[in-house]
Amino acid sequence: MNNSFTKEELIRYSRHLILPEFGEPGQLKLKKAKVLVVGAGGLGAPLLLYLTAAGVGTLGIIDFDEVELSNLQRQVLYGQESLGQPKIKAAVERLTALNPHIQFNLYQEKLTSANALEILKGYDVVADGTDNFPTRYLVNDACVLLGIPNVYASIYRYEGQVAVFNYTGKNGNRGPNYRDLYPTPPPPEMVPNCAEGGVLGVLAGIVGSMQASEVIKVITGTGTVLSGRLLIIDTLSMETRTVKYPKASPGHEIKELIDYEEFCGMNKSLSPFEVKEISVQELNTLLKTGQDIQLIDVRTAFEHHIANIGGDLIPLEDIVNQIDQISRDKQVVLYCKVGIRSTEAILHLQNVYNFTNLYNLTGGISAWANEIGKPG
Amino acid sequence: MVTVKLFGIAKEIVGGSTLTLDSPVANVEELLHYLRERYPEFAKLTSLLIAVNDEYARPATVIHDTDEIAVIPPVSGG
């Protein structure tokens, strides 16, 4: 099956099959190829549509988001009916309707240092269409460790960048990667994303299509891959330029995956005596707007029953026995009567159990009673 | 005078897509110094790609008046 085409496929791919330098050998390479698309957003949409249409045999899609109304201005993979659905679910429905010959591997999760190598392993090409620096460095490093070419693209307002990193050329030499171009990430305050900085919808289509084109070239060996060159397009002036860049010397040795959020300055490590604070007003707003946070009352059961604001009861002296009750992936607010015991609990949890998502309710239940109202 | 093309957040820092330098710079290191002195926010951009005539430039790369210079910060949108 993998070495030939049905009559239906021959017709479907006929415009490729008659293409010089492509033909049946190129189409067979596409059919046998496994490509992982990281992020099914602005870039992921054209990437997935064109790679599916082109007949890439196996497509992995990793994305943990749901389709939102503000996505539809550029993420042409989705329609009105997709709103609220997980992106990977909406994507696979649309893509299967486009080409039923493709095998889809779906990952509805966030790519992390813990799962990246396991997920990327076995793919021939990775296409990075994520929207943040931690994931870009993660994808880069994982591809370097696994020896997988990384077809990269990135967009900002009216501008885009495209490059192929870590590409092993016909001479057997590995090309430069993202860290050769940008060894370290910019600080978070210098990084507006699409939500803050805006993005021209059609730019995602242009740049994501260029990215798809490079994926196809890497697989089929057609033409000259964009390795060691960064393509920049500015749609305002409609100018492109291609900047040649070498491997850095000395190089950046990548030995293992690291904490990329920390690397990008997203969650600065706290000093051993530092506790993040949240005011009762802020907490009240979070609760009213239905934010997914965990509230923990570290007072005694007796105090909890007299007056509480809906937190889970885990008394201070019992907290180390109930570590698994405390979430590590959402905001957790701890409180007591005035904030002393909760501070003690947070310091212990941070220093001994490496929690980074804990907040102290400043002034505790007393502040709540004074500023918000009598607790229930 | 050398004219520099600006991309990404460099456009916002300078307030335009090109910048004509009002004093000469001999090399990329001096260009970076010039930018950081006049626009302190450049000091925060620790990774900044500078291209001279569409080639990756190192601090010691010499700049001539006729060279085409581009300042290309990293972008992450997708």
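**View 1. Partners in a sheet: β9 and β13 of chain A.** Two strands count as paired if DSSP finds at least two bridges between them. In this predicted model, β9(A) is joined to strand β13 (residues 358-361) of chain A by 3 bridges, and the two run parallel. Look across the pair and you'll find A:I278 standing opposite A:L361 in β13(A).

**View 2. The whole open sheet.** Now for the rest of the strands. Chain A has an open sheet of 5 strands, in the order β9-β13-β12-β10-β11, with parallel pairing. At its edges stand β9 (276-278) and β11 (312-313) of chain A; each has a single partner strand, so one side of each is left without a neighbour in the sheet. As a reminder, strands of a sheet pair through backbone hydrogen bonds.

**View 3. A helix lying across two strands.** Helix α14 (residues 340-353) of chain A lies across β12 (332-335) and β13 of chain A. Check its direction against β13(A): the helix runs at about 170° to that strand.

**View 4. The buried residues of helix α3 in chain A.** Which residues of helix α3 (residues 23-32) of chain A are buried? They are A:G23, A:G26, A:Q27, A:L28, A:L30 and A:K31.

**View 5. A nonpolar patch on the surface.** Here A:Y158, A:L200, A:V202 and A:L236 come together as a nonpolar surface patch, with about 360 Å² of accessible area together. One of them, A:L236, sits in the loop between β7 (229-234) and β8 (239-244) of chain A. Is A:L236 buried or exposed? With a relative accessible area of 56%, A:L236 is exposed, because the cut-off for that word is over 50%.

Note on methods
Residues numbered from 1 in each chain as written. Chains lettered and ligands numbered in written order. Predicted model: local features only at pLDDT ≥ 70, side-chain atom pairs only at ≥ 80, totals over all residues. Heavy atoms only, no water. Patch = residues over 30% accessible without salt bridge, like charges linked within 9 Å, V, L, I, M, F, W, Y side chains within 5 Å. Areas by Shrake-Rupley, 256 points an atom, 1.4 Å probe, with all protein chains shown as cover. Salt bridge = Lys/Arg side-chain N within 4 Å of Asp/Glu carboxyl O. Helix = DSSP H or I, 4+ residues; strand = E, 2+ residues; numbered from the N terminus. Buried < 20%, exposed > 50% of the residue type's maximum accessible area, 1.4 Å probe, protein only. Contact = heavy atoms within 4.5 Å. Axes fitted to C-alpha atoms, helices over the stretch in contact; angles between N-to-C directions.
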